[in-house]
Amino acid sequence: MKHLIDPMDLTKEELDQIIALAEDIIANREKYQESQAHRKLATLFYEPSTRTRLSFTSAMMELGGNVLGFSDAKNTSVSKGETVQDTVRVVGCFADVIAMRHHIEGAQLYASEVSRVPIINAGDGSHSHPTQTLTDLLTIKRELGHIDGITIGFCGDLKFGRTVHSLIKALSRFKDIQVVLIAPDELKLPDYIKQDVCDRLGIRYKEVPTMEEVMPELDVLYMTRVQQERFLDQDEFDRVKDSFVLDAKRLASAKEKMAILHPLPRVNEILTEVDADPRAAYFRQVENGKFVRMALISKLLEWKDDPAHGMPPVEDPIYDPELRCTNRKCICNNEHAPHKFRRTESGTLRCWYCDSKIK
Ligand code: CP
């Protein structure tokens with residue numbers, strides 16, 4: 001069965017099919033309005049959300065289907081100790097497809113191991129957010145006309161920003177991508193993305209301390225919130241915070257056709273004076289999120305019983321009683337998920353569920 005847990009679960013052909021379907025839905029909305037009639041989507045949100053949950057709901061409604069679920073697990077049997085795996089087993093009796101957001105990393109992968117309906121990862125901790133990635137790819141395609149060949153700057157919190165991690169992975173499916181990483185030392189992109197994705201899959205990248213020095217090169221500027229709460233030292237935050245605020249002055253040297261993306265919510269990293277600039281694509285990006293989720297739901301339900309669209313092949317997991325994942329936010333340290341591991345091509349041992357490096 002096809003789930004979407006990680007952006008790399010989709011082949012390039014599947015990615016292209018979802019984006020093409022989203023574009024067709026935009027052009028012919030009435031054609032799809034009853035296409036999922038009598039089908040049900042469950043939205044299981046263990047963590048707050050505005051865009052992702054409501055766009056999934058709106059997407060299924062626009063396809064003629066129905067939606068059930070929860071936006072606060074405290075009001076469910078989760079509060080009595082029901083596990084993620086038992087919850088999806090139960091909800092799979094009521095729904096045809098499940099979109100789940102969880103603060104615990106690897107929760108959706110663990111859920112997918114027992115689910116009888118497709119699971120869509122709607123964000124797991126700081127780890128992955130593949131449907132935001134589909135939204136971002138569709139937005140780049142619609143703003144620029146192409147994805148191959150772009151230079152994209154990621155700015156802000158690249159360490160904890162799950163949208164950044166997922167989009168870089170998915171961009172490895174496209175040709176001639178150049179990534180520019182703009183972040184303070186404390187919030188640099190994790191090594192596992194640099195090594196296992198950029199180096200291994202051939203994405204060229206460079207790291208710079210400010211956006212000004214690279215602004216004229218960029219086709220896309222992907223802004224993220226610098227999370228003050230991650231800094232141990234307030235002086236350190238005060239020193240870097242203004243390097244990562246996009247205003248009209250900083251935008252002056254950008255290309256005329258550059259697209260400004262942001263997964264939102266924003267706090268103050270894009271001043272509202274930028275909103276009226278034609279390059280500000282972040283609210284168009286929100287609407288694209290609904291269309292691409294319509295396409296994703298449709299395709300996962302179409303592919304559900306098609307052996308040509310399974311999950312990518314994986315090597316057998318490594319079990320070793322001497323080894324533990326030390327990420328306190330990993331599913332294997334929060335439920336009875338096994339501690340199991342995989343070895344990457346570069347030889348590094350990583351947690352099966354959260355990708356943490358095992359020392
Ligand atoms: N971009 C995004 O995931 O927004 P929400 O947290 O509001 O769903």
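1. A salt bridge is taken here as a side-chain nitrogen of Lys or Arg within 4 Å of a carboxyl oxygen of Asp or Glu. The model is a predicted one, in which local features need pLDDT of at least 70 and side-chain atom pairs count only at pLDDT 80 or more, while totals for chains, interfaces and linings use all residues. Residues are numbered from 1 along each chain as its sequence is written, and side-chain values use heavy atoms, with hydrogens and water left out.

2. By the salt-bridge rule the count comes to 27. One of them joins E236 to R239, with the closest N and O atoms 3.1 Å apart; the two residues lie three apart in helix α8 (residues 234–240), and are therefore separated by about one helical turn (helices, H or I of at least four residues, and strands, E of at least two, are DSSP runs numbered from the N terminus). E236 is partly exposed at 26% relative accessible area, whereas R239 is exposed at 58% (buried means under 20%, exposed over 50%, and partly exposed in between, with a 1.4 Å probe and protein chains only).

3. Helix α7 (residues 191–201) holds both K194 and D191, three residues apart, and their side chains meet in a salt bridge with an N to O distance of 4.0 Å. K194 is buried, with a relative accessible area of 11%, while D191 is partly exposed at 47%.

4. E212 and R250 form a salt bridge whose closest N and O atoms are 2.7 Å apart. This pair links distant parts of the chain, since E212 sits in the loop between β7 (204–208) and β8 (220–223) and R250 in helix α9 (residues 248–251), 38 residues apart.

5. C325 is buried at 3% relative accessible area, and C330 is buried at 0%.

6. D355, in the segment after β11 (349–351), counts as buried because its relative accessibility is 8%. Apart from neighbours within four places in sequence, D355 is in contact (heavy atoms within 4.5 Å) with H127, K169, Y192, R342 and R350.
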